[in-house]
Amino acid sequence: PLFRSNGSRLIHLKESSTYYFKNEGKLFRPLVVLLMARACNKTQMKPDCGVTENQLTVAMVSEMIHTATLVHDDVIDQAQTRRGQPVCHLVWGTKKSIFAGDYILARSSSALARIGDPLVVEMLSHVLNSLVKGEVMQLGTRESSADRFTHYMEKTFRKTASLLALSCQAVALLAGASQSVCDLAYQYGRNLGIAFQLVDDMLDFVSTSDILGKPDRKSG
């Protein structure tokens, strides 16, 4: 579980850090990671072709990292709704929401460490580094249209696709797959992550906040 303390003084941390998990989103990232894990296990002729506990942990960590960034993003963007509900900082306040996002990241790091594979830990540690750089890149732009597109694609990879790419690569590694298969898993996650974000960005302009369950660019 995300929260194990029974301390009454930490009840607000428990409630704020689990708030977005109670109203489940698409769970796109962990689903893709689990499917990649199963596919890689099958290539290794594993008996049940299911997923291992460590691969399941990677999928869980990918969703926790994603959710923590949503909590922080909503504060930065001064959003009003997320998944059809009031955002975390409107319910718990800005400070408690930031702490909630930090706590989710801390718990995801603990779960990741328990896997015990240094390469997997290093891979997913790069995700956090990439996410922060992507957020910073989102604050700026470039003058020429060519530079803007390059900037946008790099930002999209860092902010969105890196999480999927490195999570897919991690479960391939845990399956005992060859380096070439691990590289293919990375490229699959990268390309799917970029495609997902391209569609998501387009919907911000052509859809409405009522349908999206979050602010669209037209109203933002």
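A salt bridge is here a side-chain nitrogen of Lys or Arg within 4 Å of a carboxyl oxygen of Asp or Glu. The legends below describe a predicted model, in which local features need pLDDT of at least 70 and side-chain atom pairs count only at pLDDT 80 or more, while totals for chains, interfaces and linings use all residues. Residues are numbered from 1 along each chain as its sequence is written, and side-chain values use heavy atoms, with hydrogens and water left out.

**View 1. Salt bridge between Lys159 and Glu135.** The closest N and O atoms of Lys159 and Glu135 are 3.8 Å apart. This pair links distant parts of the chain, with Lys159 in helix H8 and Glu135 in helix H7 (residues 118–138), 24 residues apart. Helices are DSSP runs (H or I, at least four residues), numbered from the N terminus. Glu135 is partly exposed at 22% relative accessibility, and Lys159 is also partly exposed, at 21%. Buried stands for under 20% relative accessible area, exposed for over 50%, and partly exposed for values in between (1.4 Å probe, protein chains only).

**View 2. Salt bridge between Lys159 and Asp73.** The two side chains meet at 3.5 Å, N to O. Lys159 belongs to helix H8 and Asp73 to helix H4 (residues 53–77), so this bridge ties together parts that are 86 residues apart in sequence. Asp73 counts as buried, with 10% relative accessibility.

**View 3. Salt bridge between Arg158 and Glu154.** The side chains of Arg158 and Glu154 come together at 3.3 Å, N to O. Both residues lie in helix H8, and because they are four residues apart, about one helical turn separates them. Arg158 is partly exposed at 22% relative accessibility, and Glu154 is partly exposed at 36%. Elsewhere, salt bridges that share partners join Asp73, Glu135 and Lys159 into one network. Four salt bridges are found in a search of the whole structure.

View 4. Thr160 is buried, its relative accessible area being 8%. Its side chain makes a polar contact of 2.8 Å with the side chain of Gln197. A polar contact is a pair of N or O atoms within 3.5 Å; within protein, one must be able to donate a hydrogen and the other to accept it, and residues adjacent in sequence count only if both atoms are side-chain atoms. Leaving out residues up to four places away in sequence, Thr160 touches Arg29, Gly193 and Gln197 (contact: heavy atoms within 4.5 Å).

How values were computed. Helix = DSSP H or I, 4+ residues; strand = E, 2+ residues; numbered from the N terminus.
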